[in-house]
Amino acid sequence: MNALAYLLGASIAANALLGWAWIDARDARTVAEQQRDQTRADATAVSDAVEALDNLAKKRAAATKPVQAAARAAAVAVQQRATQRLLPRRPSPTTTAPALQACVQRWEGEGEAMKTVIAIAAAAALAGCGTVRTVQVKVPVQVECRVQTPARPAMPLEALGLAYDVDTWVAQVIAKVALREA
């Protein structure tokens, strides 16, 4: 009778451990599903934010087009005025002094340099306005983890009929313990 009591106690303990393992698996599945749902919500929020930034960038690019056109028109007007002022002039008969002629020639020589400087400055000012920066955000998104609740295995003692001997019962109990420990 002592051996039977030990085997019965071992069977009850094994059943308790199996029950705890099943509850832990169920809790782990619930936590995994909650994490999955939270990750999906976070990924959706990030996608929406990126889309909003893209729309804002497009609006700002559209808003700068009139300003760029006005800057181009102003640059053309300044270039035309500079060209008119720096055109070579014929000396009048009253300005025959050599020093005055040298000053005028020096000014005309610097006119080409001024045209170049103005053209470079206008090009540099307009080059920065036309750029649109695209930012790509890489966010890791977890894939859904489908955890299935393990099915309760068929125990060897359940298959035993009503007519059995002690040796068969002990062999079935040992098989049940080995199955639960695996």
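Q: Under what relative accessible area does a residue count as buried, and over what value as exposed?
A: In this predicted model, the classes rest on relative accessible area with a 1.4 Å probe, counting protein chains only. Values in between are called partly exposed, and R26, with a relative accessible area of 37%, is in that class. The two limits are under 20% for buried and over 50% for exposed.

Q: Which residue meets R26 in a salt bridge?
A: The contact runs from N to O at 3.8 Å, and the cut-off is within 4 Å.

Q: About how many helical turns separate R29 and E33?
A: R29 and E33 form a salt bridge, with the closest N and O atoms 3.2 Å apart. R29 is partly exposed at a relative accessible area of 32%, and E33 is partly exposed at 28%. Both belong to helix α1 and are four residues apart, so the separation is about one helical turn.

Q: Is R36 buried or exposed?
A: R36 forms a salt bridge with D37, the closest N and O atoms being 3.2 Å apart. D37 is partly exposed, with a relative accessible area of 40%. R36 has 17% relative accessibility, and therefore counts as buried.

Q: How many salt bridges does a search of the whole structure find?
A: Side chains of opposite charge can pair when their charged atoms come close. Among the pairs are R29 with E33 and R36 with D37. The search of the whole structure gives a total of four.

Q: Which residues does T39 touch, not counting those up to four places away in sequence?
A: T39 is found in helix α1, residues 2–86. Its relative accessible area is 18%, so T39 is buried. With residues up to four places away in sequence left out, T39 touches V141 and Q142.

Q: What is the accessible area of the nonpolar surface patch that includes V135?
A: V135 is in the loop between α2 (98–129) and α3 (166–181), and at 52% relative accessibility it counts as exposed. The patch is formed by V46, V50, V135, V137, V139 and V141. Together these residues have an accessible area of about 430 Å².

Q: What arc do the buried residues of α3 cover around the axis?
A: The buried residues in α3 are W169, V173, K176 and R180. Their directions from the axis put them on the same side of α3, because they cover an arc of only 60°.

Q: Against which helix do the buried residues of α3 pack?
A: The face of α3 turned away from its buried side carries the exposed residues D167, I174 and E181. The buried residues, among them W169 and V173, have a packing partner, and that partner is α1.

Q: What distance does α3 reach from its first C-alpha to its last?
A: α3 has 16 residues. At 1.5 Å a residue, the expected value is 22 Å. The model is close to that, with a reach of 23 Å.

Q: What percentage of the residues in the chain are buried?
A: The chain has three helices and zero strands, running α-α-α from the N terminus on. Its accessible surface comes to about 14,600 Å², of which 63% belongs to carbon and sulfur atoms. Of the 182 residues in the chain, the buried ones make up 9%.

Terms used: Residues are numbered from 1 along each chain as its sequence is written. This is a predicted model: local features need pLDDT of at least 70, side-chain atom pairs count only at pLDDT 80 or more; totals for chains, interfaces and linings use all residues. Side-chain values use heavy atoms; hydrogens and water are left out. Patches are made of residues with over 30% relative accessible area and no salt bridge: like charges are joined within 9 Å, nonpolar side chains (Val, Leu, Ile, Met, Phe, Trp, Tyr) within 5 Å. Accessible areas come from the Shrake-Rupley method with a 1.4 Å probe; for residues, only the protein chains shown count as cover. A salt bridge is a side-chain nitrogen of Lys or Arg within 4 Å of a carboxyl oxygen of Asp or Glu. Helices (H or I, at least four residues) and strands (E, at least two) are DSSP runs, numbered from the N terminus. Contact means heavy atoms within 4.5 Å. The expected span of a helix is 1.5 Å times one less than its number of residues. The arc is that of the directions from the helix axis to the C-beta atoms.
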